[in-house]
Amino acid sequence: MIERTLVLLKPDAVERGISGRIIARFEDAGLKIVGMKMIWIDAEFSKRHYAEHVHKSFYPTLEAMITMGPVIALALEGVEAVALVRKMVGHTEPKTAAPGTIRGDFSHVSIHYADAKGIGVKNIIHASDSVINAKKEIELWFKNEELHTYKSVHDVHTIA
Ligand code: ATP
Ligand code: MG
């Protein structure tokens, strides 16, 4: 039941200087950071990460948004971490994301607005949506030697 999941702090989060506040939420929940790095991805890498969306009409704006600056990639570990992190991240559309979620607290635009402007939906963060995709995404973003196994206080006080 201990899972790993991929989180990306998208360029809009990095450029707004809110990365630390977002990472703190995961640390506060007791999730363990097992990998972390900053990468500026290109169009080719975007197509690999967002392979399921490449054929969709909004993909060009998504690619422009995710390649506009560096992202911070995190591999997080914890009990049923994939679903937990999705819950903390909130709905894809910032307008719909509930207060208390990361997207709900740090963003507000609608998909309708982004589509009308021809820009990507700046929703701060990505999180893997299934255990299978989490495994694939962590393999895409991290080399084995960039992922670390260590004991945190949560292994003693939260998980045990
Ligand atoms: P992410 O994969 O980035 O974590 P998500 O899993 O909540 O987001 P997906 O359905 O995987 O949502 O969509 C990937 C990204 O594509 C979204 O984060 C958003 O920026 C963009 N997107 C999704 N649906 C639309 C849409 N209908 N119109 C415009 N952009 C969209
Ligand atoms: Mg997704």
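Which residues lie nearest the centre of the largest pocket? They are Tyr 50, His 53, Phe 58, Thr 92 and Asn 123. The legends below describe close-up views of a predicted model.

**View 1. The largest pocket and its lining residues.** The largest pocket holds about 480 Å³ of space. Its lining is made up of 25 residues. The elements giving two or more residues to this lining are H4, H7, S4 and helix H8 (131–141). By residue class, the lining of the largest pocket divides into eight nonpolar, nine polar and eight charged residues.

**View 2. Ligand 1 in the largest pocket.** The largest pocket is the space taken by ligand 1. Around ligand 1 there are 15 residues, and those that come nearest are Lys 10, Tyr 50, His 53, Thr 92 and Asn 123. Helix H4 (59–66), helix H7 (111–117) and strand S4 (125–127) each supply at least two residues of this shell. The shell around ligand 1 comprises seven nonpolar, four polar and four charged residues.

**View 3. Side chains of Lys 10, Thr 92 and His 126 at oxygen atoms of ligand 1.** In the side chain of Lys 10, an N or O atom is 2.8 Å from an oxygen atom of ligand 1. For Thr 92, a polar side-chain atom lies 2.5 Å from an oxygen atom of ligand 1. His 126 likewise has a polar side-chain atom 2.8 Å from an oxygen atom of ligand 1. Ligand 1 taken alone exposes 580 Å², and the protein buries 85% of that area. Lys 10 and Thr 92 are also among the residues that come nearest to ligand 1, and Thr 92 is one of the residues nearest the centre of the largest pocket.

**View 4. The largest cavity and its lining.** One cavity of 30 Å³ or more is found in a search of the whole structure. The volume of the largest cavity is about 30 Å³. Its lining consists of Ile 2, Gly 30, Lys 32, Glu 77, Gly 78, Ser 152, His 154, Asp 155 and Ile 159. Strand S3 (71–79) and helix H9 (153–157) each supply at least two residues of the lining of this cavity. The lining of the largest cavity divides into two nonpolar, four polar and three charged residues.

Terms used:
Residues numbered from 1 in each chain as written. Chains lettered and ligands numbered in written order. Predicted model: local features only at pLDDT ≥ 70, side-chain atom pairs only at ≥ 80, totals over all residues. Heavy atoms only, no water. 1 Å grid on protein atoms, 1.4 Å probe; cavity = no way out; pocket = protein on both sides within 12 Å on 5 of 7 lines; lining within 4 Å. Points joined across faces, edges and corners; volume = space filled by probe spheres on them. Helix = DSSP H or I, 4+ residues; strand = E, 2+ residues; numbered from the N terminus. Nonpolar A, V, L, I, M, F, W, Y, C, P; charged D, E, K, R; others polar. Near = heavy atom within 4 Å. Polar contact = N/O pair within 3.5 Å; in protein donor to acceptor, adjacent residues only side chain to side chain. Areas by Shrake-Rupley, 256 points an atom, 1.4 Å probe, with all protein chains shown as cover. Sits in = over half its atoms within 2 Å of the grid points.
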